[in-house]
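Welcome! Please take a moment to look over the sequence and the model below, and then read on for a short tour.

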Amino acid sequence: MTDSSKKMSLMGLTTLVTVNMMGSGIIMLPTNMAQLGAVSLAVMACIGSLLGWQFTLAQTAKMTADQNLFLKLFGKLNRFGAPVIGMIVCGLLQTAMAVSTISPNASAQFSKLRRKCHRQCTRAI
């Protein structure tokens, strides 16, 4: 990748890492912070982490489509050079998977998702 227009800047990489750290809970909030402030910071961290993940996922799908391993739909860019259609398709697929495993507690939800993935993997083999 020699084209410098496709490389991320230092600020962009720093922002991506920071947002993902906040979203994954590595940065802990002070215990004496007001509850409203804690909730708003948690919401911002989650949104930032999800946005960072979506952009990374969409770019990975675009590169895979460029290598003819995914549908060409994932490789289409808008006028700003962003794979928006791929982001939307990936977001819809992720939403469908999340909705299909809704359970009253997280343990049951992850167990359902693990069983679904295991079934899909054993069918592929």
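T64 sits in helix 2, which covers residues 35-66; helices here are DSSP runs of H or I with at least four residues, strands are runs of E with at least two, and both are numbered from the N terminus. This is a predicted model, where local features need pLDDT of at least 70, side-chain atom pairs count only at pLDDT 80 or more, and totals for chains, interfaces and linings use all residues. Residues are numbered from 1 along each chain as its sequence is written, and side-chain values use heavy atoms, with hydrogens and water left out.

**T64 and its surroundings**

- T64 counts as buried because its relative accessibility is 19%; buried means under 20% relative accessible area, exposed means over 50%, and partly exposed lies in between, using a 1.4 Å probe and protein chains only.
- Apart from neighbours within four places in sequence, T64 is in contact with L69 and F70, where contact means heavy atoms within 4.5 Å.

**The salt bridge**

- How many salt bridges does a search of the whole structure find? The search finds 1, a salt bridge being a side-chain nitrogen of Lys or Arg within 4 Å of a carboxyl oxygen of Asp or Glu.
- D66 forms a salt bridge with K62, and their closest N and O atoms are 2.4 Å apart.
- Side chains of opposite charge can pair when their charged atoms come close.
- D66 and K62 are 4 residues apart in helix 2, so about one helical turn separates them.
- D66 is partly exposed, with a relative accessible area of 41%, whereas K62 counts as buried at 11% relative accessibility.

**A nonpolar surface patch**

- V39, V43, I47, L51 and F55 form a nonpolar patch on the surface, with about 460 Å² of accessible area together.
- Patches are made of residues with over 30% relative accessible area and no salt bridge, joining like charges within 9 Å and nonpolar side chains (Val, Leu, Ile, Met, Phe, Trp, Tyr) within 5 Å.

**The whole chain**

- The protein chain has 4 helices and 0 strands, and from the N terminus on its elements run α-α-α-α.
- Of the 125 residues in the protein chain, 15% are buried.
- Among contacts in the protein chain between residues at least 6 apart in sequence, 31% join residues at least 24 apart.
- The accessible surface of the protein chain comes to about 9,800 Å², and 70% of this belongs to carbon and sulfur atoms; accessible areas come from the Shrake-Rupley method with a 1.4 Å probe, and for residues only the protein chains shown count as cover.
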